[in-house]
Amino acid sequence: MRIIGKEHSAAKKLCSAINIDVPSKRAFGFLKKKLEFAASNVACNTMKEAALGIRSNETDTEFSQCGVSVDGTWQRRGYSSLNGCVSVISIDSGKVLDVEFMSKVCRLCNSKNKKLNNIHNCAKHIGSSGAMEPLGVYRIFE
């Protein structure tokens, strides 16, 4: 269900249609978090290996030179999206070297829990949606 972007209610409908046990909402949420954590670890490790592969081809240990392609994408067409990401891909190997996710909204800032509002460090994007791509590139190469 996570692959097609659906949540617990859709899983409940599917399970009842094919006559199998429906997972509880709590179990579904736990498995969702576990899957997100595993996918994040795999993505980070893969990008580290790609960067180390480029570094191992270089003789200079301080700087690496390689051609990269930088591209940004948004959740919605045009410059009106609230979410976007910027990716850096090696031209030589075709592997993703880094990704920067950006959002113009913060769920914790909008929550009613005042303790969370004061504790967290908000990293939401302030500015236009069109400015997400250049700022994401800057953050990656910073």
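Predicted model: local features only at pLDDT ≥ 70, side-chain atom pairs only at ≥ 80, totals over all residues.
Strands pair here if DSSP finds at least two bridges between them. β1 and β2 (residues 83-90) run antiparallel and are joined by 7 bridges. V70 stands opposite V88 in β2.

Residues are numbered from 1 along each chain as its sequence is written. Local features need pLDDT of at least 70, and side-chain atom pairs count only at pLDDT 80 or more, while totals for chains, interfaces and linings use all residues; side-chain values use heavy atoms, with hydrogens and water left out.

The chain holds 5 helices and 3 strands. Helices (H or I, at least four residues) and strands (E, at least two) are DSSP runs, numbered from the N terminus. Along the sequence the pattern is α-α-β-β-β-α-α-α.

The chain has 142 residues, and 16% of them count as buried. Buried means under 20% relative accessible area, exposed over 50%, and partly exposed in between (1.4 Å probe, protein chains only). Among contacts (heavy atoms within 4.5 Å) with a separation of 6 or more, 37% are between residues 24 or more positions apart.

The largest nonpolar core has 6 residues: A50, I54, V86, V88, L97 and I140. α2 and β2 each supply at least two residues of this core. Such a core is a set of buried Ala, Val, Leu, Ile, Met, Phe, Trp, Tyr and Cys residues joined through side-chain atoms within 4.5 Å. V86 is a member. Leaving aside residues up to four places away in sequence, V86 touches V70, D71, G72, D98, V99, E100, M132, E133, G136, V137 and I140.

Helix α5 (residues 132-141) buries M132, G136 and I140. Seen down the axis of α5, these residues fall within an arc of 65 degrees, so they line one face of the helix. The arc is that of the directions from the helix axis to the C-beta atoms. An α-helix has 3.6 residues a turn, so residues three or four places apart point the same way. The cover over the buried residues of α5 includes β1, β2 and β3. P134, Y138 and F141 are exposed on the face turned away from the buried side.

Helix α1 (residues 8-17) has H8, A11 and C15 as its buried residues. Down the axis of α1, they fall within an arc of 55 degrees, so they line one face of the helix. α2 is included in what covers them. K13, S16 and A17 are exposed on the other side of α1. H8 counts as buried, at 14% relative accessibility. Beyond residues up to four places away in sequence, H8 touches P23, S24, K25 and F28. N19 follows α1 and has a positive phi, near 60 degrees.
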